[in-house]
Amino acid sequence: MEKKKVKPTTFQAISPLVIMIVLLTIGVGFLKLRAEPIILICASIASIIAIKLGYTWEELQKGIIEKIASALPATLILWSVGLLIGAWMFSGTVPMIIYYGVQIINPRFLYVSAFLITAVLSTVTGTSWGSAGTIGVAIMGISQGLGMNLAVTAGAVVAGSYFGDKLSPFSDTTNLAPLAAGSQLYDHIKHMLYTTVPAAIVSIIVYLIVGISSKSTGASTESVKIIQSQLSGIYNWNIILLLPVLIMLIGSVLKFPTLPTMIVNSLVSVVIGIFVQGFSLKDGFISMVNGFNVEMTGFDGKIIDDILTLINRGGAVSMTTTTVLVFCSMGFAGVMSTSGMLDVVLDAILTRVKTTFGVILSTIASCFTVAFVTGNSYLSILIPGELFRKVYLERNLHPKNLSRTLEDSGTVLVPLIPWSAAGAYMAATLGVDTLTYLPWAVLNYMGIVFAIILAFTGIGITKINEKEKEEFLIAEGEKV
């Protein structure tokens, strides 16, 4: 005889979430532990509560599997992103963009150049850390040589690096946000333009004003010349190297399926690497799976660390850590959802939040909380995303509104937190303290400002009708 199920109380429903916040604060924030085991512990606690409510392990396991299954399409895209980055390194596509990109730096417009160059690079590569750790380091050297303000330069580098982290289809967070919200990748990217473009415009204006009014001393730095010299020694430059970028742009405009487009692009890039660079097919396939390594080039000489940081990366394997975190989070969400605890939490939120503005503001506040507690951009997307996913549908709000808000208030906030891994990395890499460059990372906080403005005015907020709402709920596995 099936055991009667009991509806969880508010205390029972919020307990796993409170425990998660506390454990993540202590474990990730102070002890610098990995988040995945902590999430699994919280999932176990939620499972114990669910079993006491009358649910069997088989039912909970089914819910976990369903949640993980819903994340598999985005997970496949994450893996394909790793394939593509490795292949683009193999072909020389990304290195060529860097080589010619640094040539546009003008001392009078250093700050805006720092923002634009890192924005382009991060959009092409999908990595904020890689952009800041390569071209960002070179730009900081230029700034120091010219006697420019290092805090402004660092802020511009961080802002530009996270421009691409928000919009690039190669970025892990750009893929995670629609995964967490239930929207589509390219719908999410287009919807992000409502907040990111105005924030970028404000950033450019600020950097232009500050840059033009600044006085520089000294001459152009040697670091850019070293980067260009070594890149040209490793790769052969050819206009054909831009073909993978063109394929990606065409695929985006024509809305070709993301996964096959990236895989085809990766294979084309490997072919280019073979015929233009003279690399081997074996190394091309290794680059797609394990990532590219400069040793594959046969370059004779010592390569500077900045070049190694850029080149030695990519591969599907590089996305393993992200996908493991996703699976752990989906496991926790599956237990919370199946047991009805998530519904109780959402009902409590809905009774207090009456407007679209309130829903979006609550989402931003949740992202802030998780980001400050954990210092982890993935968790600041995944946890609030799962928490508010159904709330948006119940309010007839398209899921891409949620995914945009998650990026605006999750991804870009983390590098402004001194105790986060991103904040510590940027400070150490650029040589400027987090709180010192924070005011100049204009895009990182202006996106949040515009998100609040849009929520208040209703501009750029996409609604869904009842039929679309039913379709989304069915896709979520809900009964309508």
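Guide: Start with a term. A helix here is a DSSP run of H or I with at least four residues, and helices are numbered from the N terminus. Keep in mind that this is a predicted model.

H4 covers residues 93-101, and Ile97 sits in it. Look at what surrounds this residue. Leaving out residues up to four places away in sequence, Ile97 touches Val120, Val124, Leu242 and Val245. Take Val120 from that list. It is 23 residues from Ile97 along the chain, yet the two C-alpha atoms are 8.8 Å apart.

Domain 1 is made of two stretches, 10-71 and 324-476, while domain 2 runs over 73-319. Their centres, taken over C-alpha atoms, lie 28 Å apart. The contact draws 47 residues from domain 1 and 50 residues from domain 2. Together the domains bury about 4,000 Å², with 75% of that area on carbon and sulfur atoms. On the domain 1 side, Leu430, Trp440 and Leu443 lose the most area to domain 2. Those three make up 18% of what that side buries.

Next, the polar side of the meeting. The interface holds 14 residue pairs in polar contact, both residues being at pLDDT 80 or more. Several helices give two or more residues to the domain 1 side, among them H3 (57-91), H18 (377-394) and H22 (442-457). H19 gives the most, with 10 residues. By type, this side divides into 28 nonpolar, 12 polar and 7 charged residues.

Side chains of opposite charge can pair when their charged atoms come close. Between domain 1 and domain 2 there is 1 salt bridge. Lys166 also forms a salt bridge with Asp408, and their closest N and O atoms are 2.9 Å apart. The total count of salt bridges comes to 3. Another of them joins Glu59 and Lys5, at 3.0 Å from N to O. Glu59 is in helix H3 and Lys5 is in the segment before helix H1 (10-30), so the pair ties together parts 54 residues apart in sequence.

Finish with helix H15. It has 19 residues, and at 1.5 Å a residue it should span 27 Å. After H15 comes Gly340, with a positive phi near 85 degrees.

Technical notes: Residues numbered from 1 in each chain as written. Predicted model: local features only at pLDDT ≥ 70, side-chain atom pairs only at ≥ 80, totals over all residues. Heavy atoms only, no water. Domains from an automatic or database assignment. Contact = heavy atoms within 4.5 Å. Buried area = accessible area lost by both parts, 1.4 Å probe. Salt bridge = Lys/Arg side-chain N within 4 Å of Asp/Glu carboxyl O. Polar contact = N/O pair within 3.5 Å; in protein donor to acceptor, adjacent residues only side chain to side chain. Nonpolar A, V, L, I, M, F, W, Y, C, P; charged D, E, K, R; others polar. Expected span 1.5 Å × (residues − 1).
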